[in-house]
Amino acid sequence: MDYGHQFFYDICAMIYITRKEHFNAAHKLFREEWSNDKNAEMFGKCSNPNWHGHNYDLFVTVKGEVNPETGFVIDLKDLKQIINSRVIDKLDHKNINLDVDFMKGKMASTEMLAMEIFNQLKGEIESKGAALHSIKLFETENNFVEYFG
Ligand SMILES: Nc1nc2c(c(=O)[nH]1)N=C([C@H](O)[C@H](O)COP(=O)(O)OP(=O)(O)OP(=O)(O)O)CN2
Ligand SMILES: [Zn+2]
């Protein structure tokens, strides 16, 4: 048995690691240029002019090769710090339509939010020598979006 060969494959294999975070935030689905009636027709109760909120669960999956010295793809402490500073601190207990710089002028749908979260995280994760694989964002326990960039 060639164990040296096996070691090489273990180290070079692509591996995926995921950090789960949570935030709650208010939003509404509406277009400013539409009347309340047209918004209600399109978005239903989600267009309620006085907002509503969700408890969001966010899964951030990073991929890369394992560093043979640390055994890490990315230090989870670093990943947590990046997600918190770039995303959670900006969203938690906030109004997505009004308070969040990276959502300005965008629809506050789960799809748009997942794409913008991906854009917020990609560069800083890459600066740690890993790659951002996907964002999975649960708006409710029944509804979630996955985005792979
Ligand atoms: N494509 C999308 N459709 C909808 C989105 C979205 O982000 N993308 N969002 C909403 C609303 O935000 C709405 O608040 C969703 O909540 P709800 O309808 O209550 O969903 P639940 O799964 O919790 O409730 P059910 O009873 O299972 O419907 C709407 N559409
Ligand atoms: Zn909603």
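Reader: What average pLDDT does the protein chain have?

Author: This is a predicted model, and its overall scores are ipTM 0.94 and pTM 0.92. Where pLDDT is low, the predicted coordinates should not be read in detail. Here 93% of the residues score at least 70, and the protein chain averages a pLDDT of 94.

Reader: In what order do the strands of the open sheet lie, and which are the edge strands?

Author: The sheet is open, has 5 strands and is mixed in its pairing, with the order S3-S1-S2-S4-S5. An edge strand pairs on one side only, and this applies to S3 and S5.

Reader: How many bridges join S2 to S4, and which residue in S4 is the bridge partner of Phe-59?

Author: Strands of a sheet pair through backbone hydrogen bonds, either parallel or antiparallel. S2 and S4 (residues 131-138) run antiparallel and are joined by 7 bridges. Along this pairing Thr-61 stands opposite Ser-134, while the partner of Phe-59 is Lys-136.

Reader: How many residues lie between S4 and S5 in their hairpin?

Author: S5 covers residues 144-147 and runs antiparallel to S4, with 4 bridges joining the two strands. Within this pairing, Ile-135 stands opposite Tyr-147 in S5. The two strands form a hairpin, and the number of residues between S4 and S5 is 5.

Reader: Which residues of H3 are buried, and which elements are included in what covers them?

Author: An α-helix has 3.6 residues a turn, so residues three or four places apart point the same way. In H3 the buried residues are Leu-79, Ile-82, Ile-83, Val-87 and Leu-91. What covers these buried residues includes strands S1 (14-27), S2 (52-65) and S3 (94-95), together with helices H4 (96-99) and H5 (110-126).

Reader: How do the residues of the shell around ligand 1 divide into nonpolar, polar and charged?

Author: The residues around ligand 1 are Leu-29, Cys-46, Ser-109, Thr-110, Glu-111, Glu-139, Thr-140, Asn-142 and Asn-143. Since this list includes Leu-29 and Cys-46, and Leu and Cys count as nonpolar whereas Glu counts as charged, the shell divides into 2 nonpolar, 5 polar and 2 charged.

Conventions
Residues are numbered from 1 along each chain as its sequence is written. Chains are lettered from A and ligands numbered from 1 in the order in which they are written. This is a predicted model: local features need pLDDT of at least 70, side-chain atom pairs count only at pLDDT 80 or more; totals for chains, interfaces and linings use all residues. pLDDT is the predictor's confidence in each residue, from 0 to 100. A residue is buried if 20 or more other C-beta atoms lie within 10 Å of its own, exposed if 12 or fewer, and partly exposed in between; C-beta atoms are placed from the backbone. Two residues are in contact if their C-beta atoms, placed from the backbone, lie within 7 Å. A residue is near a molecule or strand if its C-beta atom, placed from the backbone, lies within 6 Å of it. Two strands pair if DSSP finds at least two bridges between them.
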